Amino acid sequence: MDQVVINDTTLRDGEQAAGVAFNLDEKIAIAKFLDAIGVPEIEIGIAAMGEAEQQAIAKIVDLGLQADLLGWNRAVISDIQASIACGLKRVHISIPVSAIQIGAKFHGQWQFVLQKLKDSLSFALDQGLFVSVGGEDSSRADDQFLLDVVSSAQEWGASRFRFCDTVGILDPFTTYDKVKKLVTSLSIPVEMHTHNDFGLATANALAGIQAGALSVNTTVNGLGERAGNAALEEVVMALKHISKIDLSIDTRRLLEISQLVATASGYGLPPWKAIVGENTFAHESGIHAHGVLQNPHTYEPFAPEEIGRERRLVVGKHSGRHLLSNLLQQHGIILNSEETQSVLNAVRQESMQKKRSLTTQELLSLVNTN
C-alpha cells in the first residue's frame, strides 16, 4: 500500500461538474499547482472535445511538468489520435461494462464493446502509449463479466484498470469485496474512481485501497459530476493519518489549491467542508474551546499547520467563560468572574440576534458597554 498513486482528475471529471468551465489560464495554473505539491499523475482533459480543449492539453503538455499526464478517451481510434496530436504519451480508454450502460449506448451488444476496446487498445499500444482502461459503471456490472473484460484488457496489453463507481452506489464494505476480487485475479494495478452521490466517495476510495488498489482518482474540493468525486485533500490526509500512508504530497499547500480551484470553478465551499473548510479548526463551543486551550489534540485530529491553516477561537452562542477570558486577555483585558459572566451573556444574546459568531471588534464593543 505504500505504492499508492494519486491520479488527480480535477481538469477532466472535476470540470465536468455542472456549471464549471475553466479557462486556459486556470487550467494551466491548476496543473502547475498540482505538480508543485507533488501529485504524481494528472488527468488533464478530453482531446476529442475539440480545438479549445486540445489547445489547453497541448499547453499543459508543453509545461514540462514532473507529473505524468493522462488524456481521457472513448474506445474510439479518432479520440486516441486527438490525444496523440496534443503530445500525450499516456491515455485512458473508457468503456461501459454494466448491462444498463451497454444497453443504452450499444443496444446490448457487449461483444461489439469488447471489439472496440481491443481495436482502440491495440492502436494505442502500436503508437507506444501507456494505456489505462476504465470500466464505466463497474460497480453495477456483473462480477464475472467485469472480470472477463478486465482480464481481456490485461491480455491485450493494458497497464492499469480503473474501477468506476460511476453513480456512487457502493458502500465501503461492498467496494472492498468487489475490488479485492479484481486485485487477486489481475497482475495489473487497479485504480479507484468513486463518486459522491451518497457521500461515500472518499470512504469507498479508501476501501478500494485497503483491498489492494494502487491508484486513486481525486479532484480538488471533491469537484465533479453531480455530487462530485473523492476529494484530493480528504484522500491524502486520510491516507496519511488513518492508513499511515504518506504520499509525499505537500499538504501545507492543500488550502491554497483548494482556494484556487474554488475561485476558478466559481463555487465556494461550505465552512464545514472536511479538511479545507473555514471551520475545520474553528472552535466556539465552551467545552471544545476549553479542551483545545489545554491540549489541541483533544478536539483536533491533526495540526492546522499541516494543511496551511491556523487555529481560530471564536465567541458565539455556545462559548464559555474560559474561551472568553482567553480572548480578552489577548487584548490586555482582565475581568473578574461577575464581569466575565455579564459579557458572556451579552455575547450569547448578540450572537443569537446576528445568527453567527462575533468578530473581535464586536466582542470588544460589548466589553465597553457592559
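Biologist: Is strand E3 (residues 68-74) largely enclosed or open, and how many of its seven residues are buried?
Modeller: This is a predicted model. Buried here means under 20% relative accessible area. Strand E3 is largely enclosed by the rest of the structure, because the number of its seven residues that are buried is five.

Biologist: Which residue of E3 is the bridge partner of glutamate 41?
Modeller: Strand E2 covers residues 41-45 and pairs with E3 in the parallel sense. Four bridges join E2 and E3. In E3, the partner of glutamate 41 is aspartate 68.

Biologist: What do the strands E1 to E8 form together?
Modeller: They run E1-E2-E3-E4-E5-E6-E7-E8, with parallel pairing. Neighbouring strands are turned by 25° against each other on average, direction ignored. Together the eight strands make a closed barrel.

Biologist: Which residue in E8 stands opposite glutamate 191?
Modeller: Strand E7 spans residues 190-194 and pairs with E8 in the parallel sense. That pairing has two bridges. Opposite glutamate 191 stands serine 215.

Biologist: What angle does helix H8 make with E7?
Modeller: Helix H8 (residues 172-185) packs on the sheet. There H8 touches strand E6 (160-165) and E7. The directions of H8 and E7 make an angle of about 155°.

Biologist: At what angle to E2 does helix H3 run?
Modeller: Helix H3 takes in residues 51-61. H3 lies across E2 and E3. Its angle to E2 is about 150°.

Biologist: How many residues of helix H10 (residues 232-241) are buried?
Modeller: H10 is mostly covered. Its cover includes strand E1 (5-8), helix H2 (24-36) and helix H9 (201-210). Leu232, Val235 and Val236 are among its buried residues. Of ten residues in H10, the buried ones number eight.

Biologist: How many residues are in the largest nonpolar core?
Modeller: Ile6, Phe163 and Leu232 have the most contacts inside this core. Isoleucine 6 touches residues including Val216, Leu232, Val235 and Ile249. A second, separate core of 15 residues includes Leu324 and Val343. The largest core has 86 residues.

Biologist: Are helices H13 and H14 roughly parallel or roughly perpendicular to each other?
Modeller: H13 (residues 321-329) and H14 (residues 337-354) pack with their axes 10 Å apart. The angle between them is about 100°. Angles of 65 to 115 degrees count as roughly perpendicular. H13 and H14 are therefore roughly perpendicular.

Biologist: Which residues of H13 make the contact with H14?
Modeller: By class, the contact has three nonpolar, four polar and one charged residues. H14 brings Ser337, Thr340, Gln341, Val343 and Leu344. H13 brings Arg321, Leu324 and Ser325.

Definitions and conventions:
Residues numbered from 1 in each chain as written. Predicted model: local features only at pLDDT ≥ 70, side-chain atom pairs only at ≥ 80, totals over all residues. Heavy atoms only, no water. Axes fitted to C-alpha atoms, helices over the stretch in contact; angles between N-to-C directions. Parallel < 35°, antiparallel > 145°, perpendicular 65-115°, else oblique. Contact = heavy atoms within 4.5 Å. Nonpolar A, V, L, I, M, F, W, Y, C, P; charged D, E, K, R; others polar. Buried < 20%, exposed > 50% of the residue type's maximum accessible area, 1.4 Å probe, protein only. Core = buried A, V, L, I, M, F, W, Y, C linked by side-chain atoms within 4.5 Å. Pairing = 2+ DSSP bridges. Lists of a residue's contacts leave out its neighbours within four places in sequence.
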